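Please look at the sheet and its strand pairing before reading on. My notes follow as numbered points.

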Amino acid sequence: MTEPILELKDVKTTVKSADGQVIPILKGINLKINVGDFITIIGTNGAGKSTLLSTIAGNLRPSSGSIMHNGADITKWNEEKRTQFIARVFQDPKLGTAPRMTVAENLLLATKRGMRKPLTLRKLKPKIPEFIELAKSMNNGLENRMNTFVSGLSGGQRQALSFLMATIKRPDILLLDEHTAALDPHTSQNLLNVTDQKIKQDHLTALMITHHMEDALKYGNRLLVLKDGKVKADINQEEKEKLQVSDLYNFFE
Ligand SMILES: Nc1ncnc2c1ncn2[C@@H]1O[C@H](COP(=O)(O)OP(=O)(O)OP(=O)(O)O)[C@@H](O)[C@H]1O
C-alpha cells in the first residue's frame, strides 16, 4: 500500500479563551488521507471542523500528536512553510485575496505561493492570456475583470478568484472551509461544480467542510463526520453511495 499523502496521529488541539482558559477542541484525531482523496466533512457547529483544517494548515499547532506529509513529520512546520504544498479557501470572500491589487496581480502572486521571491510586476503582461483562460473556467465573467481591483468584484467573483489562487499552483492538499457558504444558491452551485471538475482534472487531494448534506453526499469519495473534536464516522465511497441525506442526520443526534 502506498504511503498516505497526509497522516494525523492522535492529534489534539487546544485553543485559549479570552479569559486565558485552555479549551480542548480536537481530542485525538487519527486520519490517513490518500492521494486523490476528496473528503467532505460534516458535523455540528463547534465540532472542530475548522480547527481540524487550521491544524492541518499550520495555523494552529497541536498540543500533542503528529502530522506527517508523505512520511515526513511536519508537526512543527509553521503555516508559511506549509503553504508550499497546502492551499486553503475560506468562507469569507475577503480572506485569501489582496483587495488593493488587481485580479491579474493577485493571480501572479498566487503563482509564487510558498516561494520567498518578491513579486515582479513586469512579468505580469505575458501571463495575462493564461490567466484569462483560467478565469474563463470559473463561468462567472472573471476573465473580463483582469485589471479590476479585488475590492470591486462581486462576492462570487472574489470567491472564484480565491479558488483560482489556491489551485493555480497545484497544491498537494486543498482545504475548502465552507468556501461556498456565503454565496447565493446559483453562484454557490457553480463554484461547487467548478471545484469538483478541478479536483478531478488535476487529481487533487481535497478536504471540504460543508453544512449541506446533499453536497456532502454528492461530492467526493469519502465522508468524515466530526463530533465533539473526534472522528465519529469515516465513510468510504462504497458506503457513501448507499447513504441518503436522512442517514446523515442520524449522525447529528
Ligand atoms: N480562537 C478560539 N478561541 C476560543 N474558542 C475557539 C477558538 N477557535 C475555535 N474555538 C471554539 O472551538 C470550537 C470548535 O470551533 P470550530 O470553528 O473548529 O468548529 P466548527 O466545527 O468548524 O464549527 P462551525 O460549523 O460553527 O464552523 C467552538 O466551540 C469554538 O467556539
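1. Two strands count as paired if DSSP finds at least two bridges between them. Strands (E, at least two residues) and helices (H or I, at least four) are DSSP runs, numbered from the N terminus. The model is predicted: local features need pLDDT of at least 70, side-chain atom pairs count only at pLDDT 80 or more, and totals for chains, interfaces and linings use all residues. Residue numbers start from 1 along each chain as its sequence is written.

2. Six strands form an open sheet with mixed pairing, in the order β6-β7-β8-β3-β9-β10. β6 (86-89) and β10 (230-236) each have a single partner strand and stand at the edges, so one side of each lacks a neighbour in the sheet.

3. β7 (residues 173-177) pairs with β6 in the parallel sense over four bridges; V89 lies opposite L176 of β7. On the other pairing, β7 and β8 are also parallel, over five bridges, with I209 in β8 as the bridge partner of D177. From β7 the chain passes through helix α6 (residues 185-201) to β8 in a right-handed β-α-β crossover (clockwise from the first strand over the helix to the second, with the strands pointing away from the viewer).

4. Which way do the residues of β7 point? I173, L175 and D177 point one way, L174 and L176 the other, and all are buried (20 or more other C-beta atoms within 10 Å of the residue's own, with C-beta atoms placed from the backbone). In a regular strand, side chains alternate between the two faces of the sheet.

Note on methods:
Buried ≥ 20, exposed ≤ 12 C-beta atoms within 10 Å, placed from the backbone.
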